[in-house]
Amino acid sequence: MNSREPSGAHRRSRPAAVLRAAGAGAVAGLAGGAVMSVGEKLEQAVTHRRDSHVPARALLALLGRDPGDAATPVVWNHVMHYGTAATLGALRGVWAATGIRGAHANAWHTVVRLGFDQTVENATGVGAPPSTWPAAELAVDVLHKTVFSVATGVVADRLLPPVLQSRRGRRSH
């Protein structure tokens, strides 16, 4: 066996470690979602921006329902907000355990969060592409998603040492 190849025991335990990292990451994502919510409420107190119910409408559309543009389903908004936070937190947890950590990981995670939200909202037809938004709305969305990703990353990086970091594949070929 090549010394760079994982042992049989390591190969069997790695999937379990990835699942544990995803679970811890989901917790980190829930914490990040809570921090993002507090930040949104503070921002709304200053800007007087109303709550967005697009996330709830997107979730309802995914479930085969058509809530309409005027619907304000608060509970579904929380389900989508924290469900997305936990799901994408799980990803960030796996990243932390595999050595994808710190500021670079937080920046990439922000892009993933923005991309995930826009994919769901636009695929369901309840959201508009960000390029059509007023600049101030886009800036606020990017700010809040950045807060989410940084908070999630800080928690994930603290909870999860990079025990699954590999030294293999450091070159493209």
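**How the helices pack**

User: What covers the buried residues of α2?
Analyst: The cover includes α3 and α4. Bear in mind that this is a predicted model.

User: What makes residues of α2 count as buried, and which ones are they?
Analyst: Buried means under 20% relative accessible area. In helix α2 (residues 54–62), V54, A56, R57, A58, L59 and L60 are buried, so each of them falls under that cut-off. After α2 comes G64, with a positive phi near 85 degrees.

User: Why are α4 and α5 called oblique to each other?
Analyst: Their axes, for α4 (residues 102–123) and α5 (residues 135–159), cross at roughly 130 degrees and come within 8 Å. Roughly perpendicular stops at 115 and roughly antiparallel takes angles over 145, so a value between those counts as oblique. That's why α4 and α5 get the word. The crossing is right-handed, too.

User: Which residues meet there, and how do they split by class?
Analyst: From α4, they include H109, R113 and L114, and from α5, F148, V150 and D157 are among them. By class, the contact has four nonpolar, nine polar and five charged residues.

User: What makes up the largest nonpolar core?
Analyst: Eight residues: A17, A21, A28, A96, A97, A156, L160 and L164. α1 (8–47) and α3 (74–97) each supply at least two of the core residues, and α1 gives the largest share, three.

User: What does A28 touch, leaving out residues up to four places away in sequence?
Analyst: A28 touches T152, V155 and A156.

Technical notes. Residues are numbered from 1 along each chain as its sequence is written. This is a predicted model: local features need pLDDT of at least 70, side-chain atom pairs count only at pLDDT 80 or more; totals for chains, interfaces and linings use all residues. Side-chain values use heavy atoms; hydrogens and water are left out. A nonpolar core is a set of buried Ala, Val, Leu, Ile, Met, Phe, Trp, Tyr and Cys residues joined through side-chain atoms within 4.5 Å. Buried means under 20% relative accessible area, exposed over 50%, partly exposed in between (1.4 Å probe, protein chains only). Helices (H or I, at least four residues) and strands (E, at least two) are DSSP runs, numbered from the N terminus. Contact means heavy atoms within 4.5 Å. Axes are lines fitted to C-alpha atoms, for helices over the stretch in contact, and angles run from 0 to 180 degrees between N-to-C directions. Angles under 35 degrees count as roughly parallel, over 145 as roughly antiparallel, 65 to 115 as roughly perpendicular and the rest as oblique. A crossing is left-handed if the near helix is turned anticlockwise from the far one by less than a right angle, and right-handed if clockwise. Ala, Val, Leu, Ile, Met, Phe, Trp, Tyr, Cys and Pro count as nonpolar, Asp, Glu, Lys and Arg as charged, and the others, Gly among them, as polar.
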